[in-house]
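Trainee: I would like to go through this structure and check what each label rests on. Can we start with the terms and then set the values against them?

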Amino acid sequence: MRMSYREALRLALREALQNDARVFLMGEDVGRYGGSYAVSKGLLEEFGPERIRDTPLSELGFVGAGVGAALGGLRPIVEVMTVNFSLLALDQIVNSAALLRHMSGGQCSVPLVLRMATGAGRQLGAQHSHSLENWYAHIPGIRVLAPATVADARGMLAPALADPDPVVIFEHAQLYNLEDELPDDWRCDIARAAVRRAGAQASVFAYGGCLPKALQAAEELAAQGVEVEVVDLRVLRPLDIDTVAASVRRTHRAVVVDEGWRSGSLAAELIARIVETCFYELDAPPARVCSEEVPIPYAKHLEEAALPQVPKIVAAVKELLNV
Amino acid sequence: MTRTRKPRASAERPLELRLLADMLRIRRMEEKCAELYGAGRIRGFLHLYIGEEACATGAMHALAADDNVVATYREHGHALLRGVGMDAIMAEMFGKAAGCSRGRGGSMHLFDVARRFYGGNAIVGGGLPLAVGLALADRLQGVRRVTLCVFGEGAMAEGAFHESINLAALWQLPVLFCCENNLYAMGTALARSESQTDLCAKAASYRVATFRADGMDVRAVFDTVSRAVRQVREGGGPAFVELQTYRFRAHSMFDPDLYRDKAEIEEWKQRGPIHSLSAQLKAEGRLDEEAFLALDAEAEAEVAAAVAFAEQAPWEPVADLLKDVHTPAGAAAGGTP
């Protein structure tokens, strides 16, 4: 069946709400409005206001209430409009959700799922466009996911809810309208990265909104006779270094594409891991394509220039291969 | 050693004597903690509750065994009176694996989830959203339970207070917000941190019932919190109670206490909750010095046993360092309804 990334997310939410009475969705405008990205449209009518719970603009309060509700035996799915707004709730995510199990000596778990939109590309300006996945991926105690395909949009929620610990899911704002065929087996292993395209000459690692760009770059490179493997990281914490290293061992070259800023980025972490685990497999220094170190500008041409784009990925691969 | 007659078993005592005995347990435990801190046996931050014992004692006695409690980093007394063993608390202070948080928490993170004691939170205001969520979970699961959330007046300047009390009032959740107003947020006096120093007026703006009690008078605290708990339990939505109190010791062991007048501290000490209650009970003919000393000796003996337990308890092996960051596969997931 063909569907959009948005519809796949909604299908997963509906299934979770149907299958488990402990599951509820909470966030700003998830109910009457239908979700700021229309993901939860129609769910209020189906499940009622107790389980599709509109909140005031109190990110700290309702994310923390989600943590408390998880402690109290429920399986909350909390939606935060964008990763930029999640900074208002960072205290409850980092100081409560991620720490409670450890600080209590293992007495409790926090089975909370946090969903939020991330990323640029819609001319929304600096306060709605950032990619701070790496901030969350830095924190022990939480799992960080980034669905980049319709199948993963459909398949990641159920295992995230089954995880007894907090899971943060980043939905790239550019992907909501992405359409694709939903495969018969859309189930997702939220411990593993996924090889999206085979190719022998270099490995391109990407996640979230950069995956379609990496795949497009692979197409263009193939047309020029260069075959690259594309790996969708999709689990940003804990990183699946086994899949990454296996790919590098096949291709001996690595390019990491990351919409985060270069300094302190996930790309930096991934390259460090590659160097640590397969330094002697490398035929060239690893390369990365990150966002320029500037707040995301409003003007379209500047925004595009700030972000990883297909030509930059193509150029990075060719430079690595010296072609 | 003072000669004492054997006191009655605690459960058979009248309420006032139980309140007195529990205040003495907190006081003697914390005095010993201060001493052990000086001796280097307890490290990190240690926030003593000395002077404020009437608040936790009156409030914890007003709760049912099944109610939730969310507390702050000054929570030794609350944990003790919710039934966390003094030995487990002391072992936690020592950082031992036998501690109530396996030595991972320390003084500021005492937990006992089986007793529905959810910490021990060292972020000012950090517990308030959790309390709202616990109450929401009870509501959605049809459980009639009160969540009592303790915080200091300093937390009322945090956004977390406003967001949490608004959510609780909006959704009519069974949370009792319990502010222990000891007049100083670390070193900052109430009037220097709040434009509105009438804390009940501040809370009332969220359309919740408000209560105020003399936090140095344990019977007043018990009566007031009992009324507030009853109203919350009967479905009256959240409520707010202010307990007006004072800490006799510095904020923490690192605090030179330069921001308060010595005379002010002395004045409040005249109203010490243990001294006040025992004097009242003696005047009422319900307590004599011998009985008081017996209660005190009982508390001292419990402290001595707890310290001995903590001293001999083993350290957690360093090989276990990475334990309890994530829930192990196969462990029961998540919270308890």
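Mentor: Contact here means heavy atoms within 4.5 Å. Note also that this is a predicted model.

Trainee: How do you know what share of the contacts in chain B join residues at least 24 apart?

Mentor: Take the contacts between residues at least 6 apart in sequence; 74% of them join residues at least 24 apart.

Trainee: What makes the radius of gyration of chain B agree with a compact globule?

Mentor: The globule rule is 2.2 Å times the number of residues to the power 0.38. For 337 residues that gives a value near 20 Å, and chain B has 20 Å, so the two agree. The C-alpha trace spans about 55 × 55 × 45 Å along its principal axes.

Trainee: Why is helix α4 of chain B called largely enclosed?

Mentor: Buried means under 20% relative accessible area. In α4, residues 86-94 of chain B, 8 of the 9 residues are buried, so the helix is largely enclosed by the rest of the structure. Among them are M86(B), I89(B), E92(B) and F94(B). For chain B as a whole, 56% of the 337 residues count as buried.

Trainee: Which helices do the buried residues of α4(B) pack against?

Mentor: They pack against α1 (15-38), α3 (76-81) and α12 (289-312) of chain B. After α4(B) comes G95(B), with a positive phi near 85°.

Trainee: Where does UniProt place the "Dehydrogenase E1 component" domain?

Mentor: The unreviewed UniProt entry puts that domain at residues 22-316 of chain B. Over residues 22-316 the chain is 46% helix and 11% strand.

Methods. Residues are numbered from 1 along each chain as its sequence is written. Chains are lettered from A and ligands numbered from 1 in the order in which they are written. This is a predicted model: local features need pLDDT of at least 70, side-chain atom pairs count only at pLDDT 80 or more; totals for chains, interfaces and linings use all residues. Side-chain values use heavy atoms; hydrogens and water are left out. Buried means under 20% relative accessible area, exposed over 50%, partly exposed in between (1.4 Å probe, protein chains only). UniProt positions are given in the numbering used here, feature names are shortened, and annotations may be inferred rather than shown by experiment. Helices (H or I, at least four residues) and strands (E, at least two) are DSSP runs, numbered from the N terminus.
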